[in-house]
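Subject: A structure for you to look at

Hello,

Here is the structure I promised to pass on. Please open it next to this message and follow along as you read.

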Amino acid sequence: MPVFKCFLSLLLSSLVLVLKGQCNGPFNGAANCDPNLSEIQVTGNSSIDFNFDSFQKINGGLVLNGVSVVRIKTFNNPALSCKWNLMMYISNGGGATPGNEWETLAQYGSGAAPAPLLDLIEVRVSNPCATPINNSNWQTFTASSGASLPIINDVLNYNPPGTCSGTQVNAAGSYLGNYGEYTFTIDYRITPGFVFQPGRYNLRITFCLSEM
């Protein structure tokens with residue numbers, strides 16, 4: 001799961017994003033899902049750098065495709081039906097950091113420009129069966145530490161795997177048997193413009209699998 005670290009350096013903006021992410025769980029106190037067999041895996045670099053070292057990058061932004069891949073395995077407890085959701089949460093370092101800003105690690109220069117807000121980063125989630133909410137569309141978090149975006153969160157319906165029809169599959173299954181429905185590719189995009197104080201900044205994105 002992702003943790004993000006961000007560097008802004010030199011006179012030009014340089015955003016570095018570090019990605020790690022981990023949930024405690026995935027099923028704490030679960031009743032219908034087997035917590036011993038169910039798991040979430042997040043692969044990719046634990047450190048992601050957005051380095052804005054040219055005017056073109058600052059104005060045009062940077063896109064990092066396929067940086068994170070999330071894989072899900074969920075299993076029923078005997079005679080019960082496991083139903084789950086998958087969420088993304090954004091957070092900064094806390095402490096003295098305002099709740100809507102990236103954590104400031106260092107700032108350069110004597111300007112009074114602001115630190116980047118948490119809604120600066122955009123995320124895009126997709127898989128071969130188009131099961132995520134807003135599949136393949138760019139999304140932004142609310143600029144608030146602890147804000148969330150859903151990937152799979154069908155509260156009303158129980159959607160078993162196997163059809164690859166674009167429904168939010170949320171029943172017991174595994175990427176080993178249904179790769180296109182239990183695997184999620186995450187892209188990241190930042191377009192800073194000449195707005196923020198040069199420096200080094202940090203944020204975290206966490207993927208959470210939980211029982212519904």
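Below is what I found in it, going from the overall picture to single residue pairs.

First, some notes on reading it. This is a predicted model, in which local features need pLDDT of at least 70 and side-chain atom pairs count only at pLDDT 80 or more, while totals for chains, interfaces and linings use all residues. Residues are numbered from 1 along each chain as its sequence is written, and side-chain values use heavy atoms, with hydrogens and water left out.

**Confidence**

The mean pLDDT (the predictor's confidence in each residue, from 0 to 100) is 84 for the protein. Of its residues, 86% reach 70 or more. Please be careful with residues 3-22, where pLDDT stays under 50. The model has 126 contacts (heavy atoms within 4.5 Å) for that stretch, counted beyond four places in sequence.

**Overall picture**

The protein has two helices and eleven strands, taken as DSSP runs numbered from the N terminus (H or I and at least four residues for helices, E and at least two for strands). Along the sequence, the order is β-β-α-β-β-β-β-β-β-β-α-β-β. Of the 212 residues, 48% are buried; buried here means under 20% relative accessible area, exposed means over 50%, and partly exposed is in between (1.4 Å probe, protein chains only). Among contacts between residues at least 6 apart in sequence, 73% join residues at least 24 apart. The accessible surface comes to about 9400 Å² (Shrake-Rupley method, 1.4 Å probe; for residues, only the protein chains shown count as cover), and carbon and sulfur atoms account for 49% of that surface.

**Strand β10 and its partners**

I would start with strand β10, residues 183-190. Six of its eight residues are buried, so the strand is largely enclosed by the rest of the structure. With β3 (residues 62-74), β10 runs antiparallel and is joined by seven bridges; here V63 stands opposite R189. With β6 (residues 122-126), the pairing is also antiparallel, over five bridges. In that pairing, S126 stands opposite T185, and E122 has R189 as its bridge partner in β10.

Strand β6 is mostly covered too, with four of its five residues buried. Strand β6 also pairs with β7 (residues 138-140) in the antiparallel sense, over three bridges. There, W138 in β7 is the bridge partner of R124.

**Salt bridges**

How many salt bridges does the structure hold? There are three, a salt bridge being a side-chain nitrogen of Lys or Arg within 4 Å of a carboxyl oxygen of Asp or Glu.

One of them joins the side chains of E122 and R189, at 2.8 Å from N to O. E122 lies in β6 and R189 in β10, so this pair ties together parts that are 67 residues apart in sequence. E122 is buried at 16% relative accessibility, whereas R189 is partly exposed at 24%.

Another is formed by D187 and R124, whose closest N and O atoms are 3.0 Å apart. This pair again ties β10 to β6, because D187 lies in β10 and R124 in β6, parts that are 63 residues apart in sequence. D187 is buried, at 7% relative accessibility.

The side chains of E39 and K73 meet in a salt bridge as well, at 3.0 Å from N to O. E39 lies in strand β2 (residues 39-43) and K73 in β3, so the pair ties together parts that are 34 residues apart in sequence. E39 is partly exposed, with a relative accessible area of 28%, and K73 is buried, at 17%.

**Two further places to look**

N59 sits in helix α1, residues 55-60. Its C-alpha is 6.9 Å from that of P192, although N59 and P192 are 133 residues apart in sequence. Not counting residues up to four places away in sequence, N59 touches T191 and F194.

On the surface, V155, L156 and M212 form a nonpolar patch with about 330 Å² of accessible area together. Patches are made of residues with over 30% relative accessible area and no salt bridge; like charges are joined within 9 Å, and nonpolar side chains (Val, Leu, Ile, Met, Phe, Trp, Tyr) within 5 Å. L156 is found in the loop between β8 (148-152) and β9 (173-174), and counts as exposed at 78% relative accessibility.

Best wishes

How values were computed: Pairing = 2+ DSSP bridges.
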